Amino acid sequence: MELVLFYFLYFLISTIVIFILKQRLRERMHVYVIIAAVLPLIGLLFVLAEVASKRTEEESLKHHMNQLDADILSSTLEDIDSISIHDELKVIPIQEALVVNDHFTRRRVMIDVLKGDSLQYIESLHLAVQNEDTETSHYAVSAITEVKRKLSNALQELSAAHNDTPEDIETASAYAVVLKNYAASGYLDPATLRANLMQSIAIHSHILEYSSEDKHNSFQEKMRTEMLTEQYSEAEQTGFSYKAYAPNEEEPYLLQIELYVDMRAYSRLQQTILELKRSNAVLTNEALSIIRYWSRGNRVDVS
């Protein structure tokens, strides 16, 4: 009788202990109750040993993640994997790394981006923000925030420098690059984005007016930005100026073809193709493909 009472008390205490520890035992709680019941004392000791083991693992993981955060801030991440993350980035694009099931690989990729030049991965970072792994998303948001902080500071400095020395084309060119990168960083409200794009157009206009250097990039950036902001008349005038600047190169014609496709201006598109054919431009495969496509009678409208 005493033995039965002892067993009953033991089982009751074991069940209560296991119930208290259910957060650590998770879905296997009923299994541990059976083990404790079948193996008096030994079973309970086994359960307690399992709990201690799980707690050690969780603390180890928590310490590991905290260490990763500290490494990001200090930029002294130690190589804890036999394969360098730099080598991994050479083998797999970031976009592919973000869809693999290995959370550790995703996080290592994001950490490496944070330590390097995040700007070159900005599109991938936007994708990573939506990742289901919260740590990966956290690192991506941190990287984008840091990019935007640096670009914002650079914008302020270059804006002031350009206002002080507008004749300095090198400063104006640097300002134009930062404006473009800031727009590409994303998460800008419509008014801020448009103001950024309009300033970019103004800077490229300034460069085109005063620079004696190669103007191809400024013509292209100005025209593309005017197209993006749906300033089609201005873009068309920029295209005419670009063709006058480089009449025997294909780039001005291809850009104007792109503009007329956006405008759905078929007759002007065909006229531009004819001008390109009559020029002395050496045509790339891309240009030849475009000419063949639109010369087959494909139409964007009837104007």
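Ala 287 is buried, at a relative accessible area of 0%. Buried means under 20% relative accessible area and exposed over 50%, with partly exposed in between (1.4 Å probe, protein chains only).

A word on the model. It is predicted, so local features need pLDDT of at least 70, side-chain atom pairs count only at pLDDT 80 or more, and totals for chains, interfaces and linings use all residues. Residues are numbered from 1 along each chain as its sequence is written, and side-chain values use heavy atoms, with hydrogens and water left out.

Where does Ala 287 sit? In helix 16, residues 285-295. Helices here are DSSP runs (H or I, at least four residues), numbered from the N terminus.

Now its surroundings. Leaving aside residues up to four places away in sequence, Ala 287 touches Glu 250 and Leu 254. Contact means heavy atoms within 4.5 Å. Leu 276 is 11 residues from Ala 287 in sequence, and 9.3 Å away C-alpha to C-alpha.

Next, the whole helix. Ala 287, Ile 291 and Trp 294 are buried in helix 16. They lie on the same side of the helix, because they cover an arc of only 80° around the axis. That arc is taken from the directions from the helix axis to the C-beta atoms. The buried residues pack against helix 14 (250-263) and helix 15 (266-278). On the other side of helix 16, Asn 285, Glu 286 and Arg 292 are exposed.

Last, His 204. This residue belongs to helix 11, residues 190-210. Buried or exposed? His 204 is buried, with a relative accessible area of 4%. Beyond four places in sequence, His 204 touches Ala 176, Asn 217, Ser 218, Glu 221 and Lys 222.

Notes: Helices (H or I, at least four residues) and strands (E, at least two) are DSSP runs, numbered from the N terminus.
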